[in-house]
Structures are given as C-alpha cells and as structure tokens.
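This report describes selected local features of one model. The sequence and structure are shown first.

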Amino acid sequence: MKLYDNGIYLLNGTEIIEDNKDAAARLKQRGIAADRVQAAKGTMAYSILEAHNVSGNMEKLQIKFDKMTSHDITFVGIIQTARASGLEKFPIPYVLTNCHNSLCAVGGTINEDDHMFGLSCARKYGGIYVPPHQAVIHQYAREMLAGGGKMILGSDSHTRYGALGTMAMGEGGPELVKQLLNQTYDINMPGVVAVYMTGEPARGVGPQDIALAIIGEVFANGYVNNKVMEFVGPGVASMSADFRIGIDVMTTETTCLSSIWVTDEKIEEWYDIHGRSEDYKEMKPADVAYYDGCVEINLSEIKPMIAMPFHPSNTYTIEELNANLEDILADCEKKALVSLDGQVEYSLMDKIKDGRLYVDQGIIAGCAGGGFENICAAADILDGRSIGSDEFTLSVYPASTPVFMELLKNGSAAKIMQSGAIMKTAFCGPCFGAGDTPSNNGFSIRHSTRNFPNREGSKLQNGQIASVALMDARSIAATAANKGYLTPATDLDVEFTNPKYFFDSTIYENRVFDSHGEADSEAEIRLGPNIKDWPEMSALPENMILKVVSEIHDPVTTTDELIPSGETSSYRSNPLGLAEFTLSRKDPGYVGRAKEVQKAQKEIEKNGNAADALPEIADVLKAVNEKFPEVVNGTYGVGSTIFAVKPGDGSAREQAASCQKVLGGWANIANEYATKRYRSNLINWGMLPFLIDRGDLPFKLGDYLFIPDVRQAVTDRKTEIDAYVVTGGELEKFTLRLGELTDDEREIILKGCLINYNRV
C-alpha cells in the first residue's frame, strides 16, 4: 500500500500523475493543462456536494440532505430537541430503526417505551418506523434508502453508503435536528483523497481484511481525517457489491468525513435485485480529476488481518501475529495499560495454548459483518465441521430479516447451526457492548465495526474486563472450524459456493410502518416514564469562570470513554439519568466534581451569588477583581470544563457532549478534536470547543480558569481569547483558540444551545 506525499491527477480513472515538479510537463504531453482548481471539480464528491449545496459558494457549503436515518438510542433525543424547537413535520424521509436497544434487557420497560415513542412520532410527523429485529440501521438504509448521487445523513457514525453511489455522513443528533427544521449542514469544502485499487482479493480474503489494512495505514497519521475517500481504479470491478459495502462501512474508522465509489453493472444489478432499478446512477470521476492525496492499494497483496485491542488501527496480518505471538501480545498488553488506566489486571499472554492463540468467542454481526456474502462464506467454511464443546462460541447476526430469510432458503443458516454456532436476529449489540459479553478476561474476535475498550460489555469499575479483536467473517469461521485456535481463512481449502442473493421485501411490506410522508398532526406521542425533556440551558454569560474537573492525557479519547455505550444506552432518552454515567469508565469522580460546580451556576440564576453555593468561588472572584474589578454578580457565569489531548474519536453520539452540558459543562479544551462531528456536537450544545497548543499545560485538575469578555469575543469572531489560571490568589495569563466558527455556530453558542437558538 502506498500513500502519496502530494496530490494527484487521475486521468480517465486509470492513470495517476503525482502533483510534483514533473506533473505539468507530463500533463502537457497529454494535452492537459495543470489546473488543480478546475480538475478538483472532476471528483464524484464535488459533483454530489455541488448538487446539494444551497449556499452558492463551493468553499463554504450549506448542505441539504435527501434522506435521514436514526436508531433507537439517538432518535428520542433528536425528536425531543426538534419538538422543543418547533417541529411540525418531517420535511424529508426520516427512518427510525430499532436495532440498538432491541433486547429490552436493561431498565425495565424503557427500551420498548422508546420504540413506542418512535412509532408514534413516525405517525405524527410523517416518518418510517422499522420495528426491532427487522434490520440494523445501515442495512435497511442500503436496501431501501440509498440512491446514486444522493446524500443521506444519519445519527450513527457508520452512516456510509458510498459503495452504492450515495454520499452519506454520520453526525450527532443536533445536525439531524437542523435538517428537520429546514436548516443546513454547514462545512468547508472537504479535501478528497483517492483510494486507487488494483488487483483482486485472494480467495479467503474478505472486505474486513481490506478495510483493516487501509485503517492501519491512515488512522494514526490522519491522512484522510475529515476528508472524503473516493474509491476508484480497476480493482473496484473485481469486487461484488456486498464486498464493497463491507469495506465502505469501515471507512468511518479512518476518521474520514464520508466516502463515495465508482459504480458499475454490479451495483446496477444490486439495485435491480432490491427492486429499485430507478435509484441506480453511474458514478465516475471526470476524465481529469484532482485529489488532495491518494492511497494506492493492490488488493491481491492483502492477507487476512486482525485488529488487536483496543483500536481498529492496531492491525497485523494473522500470519504475522501467529509468527510473533508472544512479542505482539506483550506489546498489546503495554498499550492496554494506557487505555485501561491500570484499573484492572489485563492479560493476553494466557491465551497462548500449545504455542497458538486460543480465542474464547467469535461474532459475525451488524452493518459490517452481517451481510449476505460474509455469512454465506462463513457457512461454506463451517460446512460439515464442528466448533467444539469447549469455551469457544460463535454467534451470527444477519443484518436484516430479508438477508436471514435468504440464508434460511439457501441452506447457509443450516450449515452454521449444524456446526454448533447460533443464528440470531438483526441487532447491533455486539458492536457497542450490549450483547454477547465474554467471561472475565475473555478474548472475542468479531466482524463488527469497533473494538474500543468496553465494546464487548465489560465493566472496569466492577473489575471486569474482556477484549475484542476485529477480523473478517471468513477467518472467524476458519478459527471456529479449528475450535477456537486463531486461523486465517486462507489456510483452509474451501470451495466457496457464492450463492446468488434474492431480496424479498414482503417482510418489510407486512411489518414496517411507512407514512409515505403524510403527517398525522392529531396523533398522540407516547412518552414512557423515562423519556424526559432537555433541562433549561443558560445563554453564554459576559465573563466565564471554569473549573477543570477532568484531565485526560491519553493520545486519543473516544466517545465511548466520554459516555459509555452498552447498557447505559437504555438511558439515552433521559438526559439527567444518562448524565450520571459521564466519564464513568475513564474518570469516575467527574460527575461529582461537575455537579459541585454546577451548584454555583444554579445559585447565580437564583440569587446572583455563586459563593453561597460554592464558597471557594469567593477567593477566585477576589483574585479576578484585582485585575477585573468590573466582574461582579450578574456579569459572570460558573461552569466546568475538561481537558483531553484529542477527544471525540469514534461514535457520532451527541451525548458525549450533551451529558457534559447537562452537568454544567461550558467548554472542552483540547490540543485537537479527533472528528468534526464531536466538535459539532459541542457547539450545538452551546459548549466552547477551545484549543490549546501542545506542550506544558498552564492548568491542572481542580484549577479555576477565568475568561474575561468571552461573550464579546464570540460575538466579535475572535479566534484567540485571553484566559487566566487563578492560582495562589494571582492570575496567570494564557491563550485559548476557538478555531473557525460559522455565524450560526457562534449564535448557537451565544444562546446556550441549539434548542435556545431555534426556540421562538
């Protein structure tokens, strides 16, 4: 695999000319002028964005999407926010799936209450409701929503339908709220990076292998961060639609903004099979297209891969791992010390049995692993074999009921079940820590999207830890066939049957509620007792006193660490209830410290004197008044902030930000933000997304910070703001940066949150 140091010109989709000192001459030989600006308009990404941009300025995009989709741990908060902002009708098709809180295993009736809320809102506002166990969010979107040249916005980070010619983006809930209120998705024109593919995958190599190989090359260096990945080159044609989809969904783990692929007769056939021939559109770059970078990959060279705990970029070939088992496991244990903060004892070395790596569990599931071809390939590998009667278990979750039905009809499900594995319904639980938790110190291999800490369901605060490695379904099945001993699929002599897929939409026609865009304003919304409104949130004050209530120095902080996934997901319809879990697995003392500071702001709103609730504020104010005597009661607010080196990798969940705001948070301070979507979540919840240069921090946990004239600084579009650490009765000055903000984003921050911004 090769990463180009410069941009490239792609000619006729097949010839790469790197943008170096020789580029102009080479292009001239072909009768082409070296015009980056004009050639950049030749990408597929540019044409789709241009068609959806309403700003009239392709440098400052204002995007309106064609369709949207959410699942049952996001749609309640989104609709509650939109209702508080004046929602009357869904203006575009909006699909509410129920694939995350499907088991109703936590919190009494609250999961099903959320589902009934979703059904009643689909009736009232004119949406589509997909009941539990019918389909995972992204499979339903592929089957029923995607279309060539279209754009889809989803409240899940793996909203990726690029292989079908659809540019899709996963964002936090407030961005969907904006679309529901006929507002726009505002971004600068993103960079576009070509992923140029040649060759064809070897037998036994699957889409997850290709995806992990790419992630391992581009995540750490940020090569495609917040850019669009555009898949081109002759190698694309070697892969089926299902195979491409399996690679595409994993592009989220590169931290790219979105993805788009060239389309061909295989994608056209995919739409034909799904009864939507009219939604196919040929997608390809112009004869001359300019890209800001290029990942060149020979598919023939990719071997079965494994992403070891605790990140999809921690990649090795399975062959390499097996050959250097002790060294690599020891290195993974060292990395785990950072991820787990030494909270529990963690070992991988004890998984070595007779010189081989023994695995406790295999899972093939969700939007990445649960596709038809992945499961059929696994069935061929398991045909006539047994997974054994020891610790190892294997569970398989088809991504939708139509996929499951076809697996039943063609016999693949029977092959899997006869081996001792279990077939289950469409459910995302194994992907985010709400299903199939291994035993303590268990090691699970999964064809799913992520392997962050706790994604398998363990609880560090209870001394429970297990870990996940990501692999392709084919090698998971090969490992199962060897009764839990890690095995690449290429080691087995298997005849893959490659059965044809037949899509049957009957189950959806009989079960999915589709309003066809007709809203019933008389319908009543069903509100279970756990579904709560967002609390009132204050506007940004003139001056700000912030207490640092958490300090995180990990290289990257995931949204799972900011607000855990798994069983806490059941509480996402209750903002105050969910907030109790904020940072619970990373900094258990955070909630108490944040609440203590929040008392001061509540006291300000009650009688104007923060010190009545938090006496230490009196000393802070005394030090502030030495330099700023005008800061008196009524001119300042008190809140909390956290510092993290690079927060926001992973999920699009808005709750990673909103839970901090609910607890009185007013800002994050970071060296950089891992994703655009996390920064947007902060802004939409009225939190200041501060940046500070790398190096020695001027403050520490427990310090108070004073930011004078913060409201005026935001109003005046300042990108650098003076701030002070209050220490020993003195003020020590330092600088915070805000980065670029649109006028709307500034107004949202000034008003305190998106709800306040939209409230009449």
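Ile8 has Tyr291 of strand S14 as its bridge partner. Strand S2 (residues 8–11) and S14 are paired in the antiparallel sense over four bridges; pairing here requires that DSSP find at least two bridges between two strands. Strands (E, at least two residues) and helices (H or I, at least four) are DSSP runs, numbered from the N terminus.

The open sheet contains three strands in the order S3-S2-S14, with antiparallel pairing. Strand S3 (15–18) and strand S14 (288–291) form the edges, and each has a single partner strand, so one side of each lacks a neighbour in the sheet. On average, neighbouring strands of this sheet are turned by 25° against each other, direction ignored; the axes are lines fitted to C-alpha atoms, and angles run from 0 to 180 degrees between N-to-C directions. In general, strands of a sheet pair through backbone hydrogen bonds, in either a parallel or an antiparallel manner.

## Basis of the values

This is a predicted model, in which local features need pLDDT of at least 70 and side-chain atom pairs count only at pLDDT 80 or more, while totals for chains, interfaces and linings use all residues. Residues are numbered from 1 along each chain as its sequence is written, and side-chain values use heavy atoms, with hydrogens and water left out.

## An enclosed helix

Nine of the nine residues of helix H18 (residues 473–481) are buried, so the helix is largely enclosed by the rest of the structure. Buried means under 20% relative accessible area, exposed over 50%, and partly exposed in between (1.4 Å probe, protein chains only). Among the buried residues of H18 are Arg474, Ser475, Ile476 and Thr479.

The cover over these buried residues includes the helices H8 (207–218), H11 (318–323) and H14 (372–382), together with the strands S20 (361–364), S21 (393–396) and S23 (443–447). Contact means heavy atoms within 4.5 Å. H18 is followed by Lys483, which has a positive phi near 60°.

## Backbone exceptions

Most residues other than glycine have a negative phi, and most peptide bonds are trans. The peptide bond from Pro309 to Phe310 is cis, with omega near 5°. Phe310 is placed in the loop between strand S16 (305–307) and strand S17 (315–317).

Asp354, a residue other than glycine, has a positive phi near 55°. Asp354 lies in the loop between strand S18 (352–353) and strand S19 (356–357), and counts as exposed at 75% relative accessibility. Arg717, also not a glycine, has a positive phi of about 65°; its place is in the loop between helix H26 (710–715) and strand S33 (720–727).
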